[in-house]
Amino acid sequence: MTSRSTRQAFAALTAPRVAAELGERSVLCLPLGSVEQHGPHLPLDTDTVIAEQFAHRLAAHSADRHDLWVGPAIPYGLSPEHAGAPGTITLDLHLYATLITTLVAEYIRSTGVGSVLLVNGHGGNRGALEAVVHQLRHSHGVTTCVLHPAALAAGRVPIGSELPEVHAGVLETALMLALDPDRVRLDLLPSEAFPDPGRRRSIGRLVLDRGVTWPWSSDDPELAADGVIGGDPRNATPELGHKLLAAALDASTHVLDRIDRATSRGPSQTLRRHHAPHA
């Protein structure tokens, strides 16, 4: 019998089991992360850990209603805002969009799934992914959307942060304390108190203002302290992290229900064959 953890993991299947287990009503979940600085206390793969572990939890959480399969995480993303820090690896826009669209097309070709859920752990990927999902829908006729777990959670659980949570602050630290606590190093944070409440206005103007887009950077002292843009990570707790995860899982229910409805009335196989890449 297939174990629950194996059942969720696409790459754990043997080739014959792919055809037996996955079908038109299955949902392929592709976790998307990054390799980038996350302050002095969080690992470079923080966004990938959050995306991948959330995707697996979502598959287990919804197993009684939805057939989710989690593909291997994509650990690289768009991180030019952190490129000034050691360890940050960023792709360029064209390469990233091509990578995601090519991988999704291959999953569709090799599995016959009717829907794809991109689980995104890195805010810097968001803009490109908004365009990618439109392209995937047009080119392949599949139901697709992007889920942003941290953003889903942040709007539903009081965080108690002194500043808006953008990067490596209370929110991401709490999630990592819940998901991978052994790699959270709060002892490496500077001893002096931070953040500076005066950064609130700059964060709102340069990062969060929906009326204008700036090429901001996490090495800008007007925005960040030690790469952190948000509240003091020392205020994060595992309990907060678990509450955030639970809230994001609950908020994802309507997303999966919508995917299921869209897939059930989705484009015909003729349309999908028409849009399939030529051999």
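Modeller: A cavity is a set of points, on a 1 Å grid over the protein atoms alone, where a 1.4 Å probe fits but cannot get out. This model is predicted: local features need pLDDT of at least 70, side-chain atom pairs count only at pLDDT 80 or more, and totals for chains, interfaces and linings use all residues. Residues are numbered from 1 along each chain as its sequence is written, and side-chain values use heavy atoms, with hydrogens and water left out.

Colleague: How many cavities of 30 Å³ or more are there?

Modeller: The structure holds 2.

Colleague: What lines the second largest cavity?

Modeller: Ile50, Phe54, Pro149, Ala150, Ala153, Leu175, Leu244, Leu245 and Ala248, each with an atom within 4 Å of a point. H3, helix H6 (149–154) and H9 each give two or more of these residues.

Colleague: What classes make up that lining?

Modeller: It has 9 nonpolar, no polar and no charged residues. Ala, Leu, Ile, Phe and Pro are among the types that count as nonpolar.

Colleague: Which residues make the contact?

Modeller: Phe54, Arg57, Leu58 and His61 of H3 meet His242, Leu245, Ala248, Leu249 and Asp250 of H9. Contact means heavy atoms within 4.5 Å. By class, that gives 5 nonpolar, 2 polar and 2 charged residues.

Definitions and conventions
Helix = DSSP H or I, 4+ residues; strand = E, 2+ residues; numbered from the N terminus. 1 Å grid on protein atoms, 1.4 Å probe; cavity = no way out; pocket = protein on both sides within 12 Å on 5 of 7 lines; lining within 4 Å. Points joined across faces, edges and corners; volume = space filled by probe spheres on them.
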